[in-house]
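User: I'm new to this structure and would like to learn how to read it. Could you walk me through it feature by feature?

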Amino acid sequence: MSAGVQIERVQEQMRRLKLMRTAEELPLLLQQASKDEQAYSDFLEELVSRELAAKHDRLTTMKTTMARFPFHKTLESFDFKFQPSLEPKVIKELATGRFIADADNVLLLGPPGVGKTHLAVGLGLKACASGYRTTFTTASGLIASLVKAHQENRLEEKLKLLVQPKLLIIDEIGYLPIERLGANLFFQLVSRRYERGSILITSNQSLAGWGAVFGDQVIATAILDRLLHHSTILNIKGESYRLKEKRKAGLLTRSEPYTTAGVESPAPATEA
Ligand code: ADP
Ligand code: MG
């Protein structure tokens with residue numbers, strides 16, 4: 001029997017074992033091995049580690065798709081020089097995923113455009129690569145879905161689902177006021193996840209402003225009490241990155257007021 005036929009048969013067996021990358025690369029790897037006079041053990045190790053790497057990539061892709069990020073921006077593409085109020089080593093520590101293993105929380109606070117969502121997605125992508133089940137949602141979307149579940153008598157089911165991901169990212173708390181029922185349901189979610197799973201929140205409001213956001217100081221305090229117990233708080237200051245880009249393009253001049261209420265208000269039409 002020719003070597004070619006045998007290799008094809010082995011490839012077929014590998015496919016049945018779901019060793020897809022190995023099956024695909026086998027002919028090339030065999031050629032290379034005989035050319036380099038590789039030891040059997042080295043050849044085997046290379047084969048196995050390539051298959052493991054492929055499996056890791058597949059799982060990461062699956063977790064990333066399931067997370068439903070609004071865009072894919074990485075921590076590597078974040079310009080820390082533009083954001084001196086942010087210590088790169090704190091983000092690096094968060095990127096290790098230890099806070100997720102410990103079920104700790106993260107709060108990213110700061111005005112619009114300073115990179116909160118970018119960092120939240122970047123950390124979420126790292127979490128997916130570390131194998132953590134992750135869910136990205138906006139505060140308004142999350143609260144609307146909780147209210148709907150409550151009205152349809154399936155709140156318990158919904159809360160159970162929302163406790164599953166090891167990292168729950170809630171973007172944009174504070175852009176829209178939250179009704180009493182929504183605030184109450186949000187509190188229930190935070191209580192359920194307390195010390196069980198991490199929450200990463202971004203907010204354009206300082207924590208002192210959460211009473212107004214949730215329309216009730218008592219409930220805001222109860223939410224913060226649980227969130228902050230084990231948490232990292234990052235206060236990002238400074239200028240909007242979006243506006244910097246516009247200024248660079250000559251669309252804004254220094255004299256234009258870029259920190260007025262108009263620009264800081266939620267999602268102004270000029271923001272892309
Ligand atoms: P926020 O959520 O704080 O309003 P975003 O994360 O949406 O801000 O950032 C606005 C835009 O600017 C995004 O396209 C983001 O990728 C980019 N951006 C913000 N800060 C930085 C930075 N330091 N380095 C690179 N891109 C940045
Ligand atoms: Mg944002």
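User: Which atoms of Lys73 and ligand 1 lie 2.7 Å apart?

Analyst: To read a polar contact, look for a pair of N or O atoms within 3.5 Å. In this predicted model, the pair is a polar side-chain atom of Lys73 and an oxygen atom of ligand 1, 2.7 Å apart. Gly113 also faces an oxygen atom of ligand 1 at 2.7 Å, but through a polar backbone atom. Asp79 uses its backbone too: one of its N or O atoms there is 2.8 Å from a nitrogen atom of the ligand.

User: How much of ligand 1 does the protein bury?

Analyst: Ligand 1 would expose 560 Å² if taken alone, and the protein buries 88% of that.

User: Which elements give two or more residues to the shell around the ligand?

Analyst: Two helices do: H6, spanning 116-129, and H12, spanning 241-248. H6 gives the most, with three residues. In total, 14 residues surround ligand 1, and Thr117 and His118 are among the closest, together with Lys73, Asp79 and Gly113. Sorted by class, the shell holds five nonpolar, five polar and four charged residues.

User: Let's turn to a strand. Is E1 largely enclosed or open, and why?

Analyst: A residue counts as buried when its relative accessible area is under 20%. Strand E1 covers residues 105-109, and five of its five residues are buried, so the rest of the structure largely encloses this strand.

User: Which residues of E1 are on each side?

Analyst: Asn105, Leu107 and Leu109 are on one side, with Val106 and Leu108 on the other.

User: Now the whole chain. What domains does the assignment give?

Analyst: The domain assignment gives domain 1, residues 3-61, and domain 2, residues 68-248.

User: What does Gln13 show about distance in sequence and in space?

Analyst: Gln13 and Ala23 are separated by 10 residues in sequence, and their C-alpha atoms are 8.3 Å apart in space. Gln13 itself sits in helix H1, residues 3-16. With a relative accessible area of 43%, Gln13 is partly exposed.

User: Which residues other than glycine have a positive phi, such as one of about 50° or near 55°?

Analyst: Glu37 is one of them, with a positive phi of about 50° although it is not a glycine. You can find Glu37 in the loop between helix H2 (20-36) and helix H3 (40-67). Arg68 is another non-glycine residue with a positive value, its phi being near 55°. The place of Arg68 is the loop between H3 and helix H4 (88-95).

User: Are Glu37 and Arg68 buried or exposed?

Analyst: The cut-off for exposed is over 50% relative accessible area. Glu37 counts as exposed because its relative accessibility is 71%. Arg68, at 65%, counts as exposed as well.

Terms used. Residues are numbered from 1 along each chain as its sequence is written. Chains are lettered from A and ligands numbered from 1 in the order in which they are written. This is a predicted model: local features need pLDDT of at least 70, side-chain atom pairs count only at pLDDT 80 or more; totals for chains, interfaces and linings use all residues. Side-chain values use heavy atoms; hydrogens and water are left out. A residue is near a molecule or strand if one of its heavy atoms lies within 4 Å of it. A polar contact is a pair of N or O atoms within 3.5 Å; within protein, one must be able to donate a hydrogen and the other to accept it, and residues adjacent in sequence count only if both atoms are side-chain atoms. Accessible areas come from the Shrake-Rupley method with a 1.4 Å probe; for residues, only the protein chains shown count as cover. Helices (H or I, at least four residues) and strands (E, at least two) are DSSP runs, numbered from the N terminus. Ala, Val, Leu, Ile, Met, Phe, Trp, Tyr, Cys and Pro count as nonpolar, Asp, Glu, Lys and Arg as charged, and the others, Gly among them, as polar. Buried means under 20% relative accessible area, exposed over 50%, partly exposed in between (1.4 Å probe, protein chains only). Domain bounds come from an automatic or database domain assignment.
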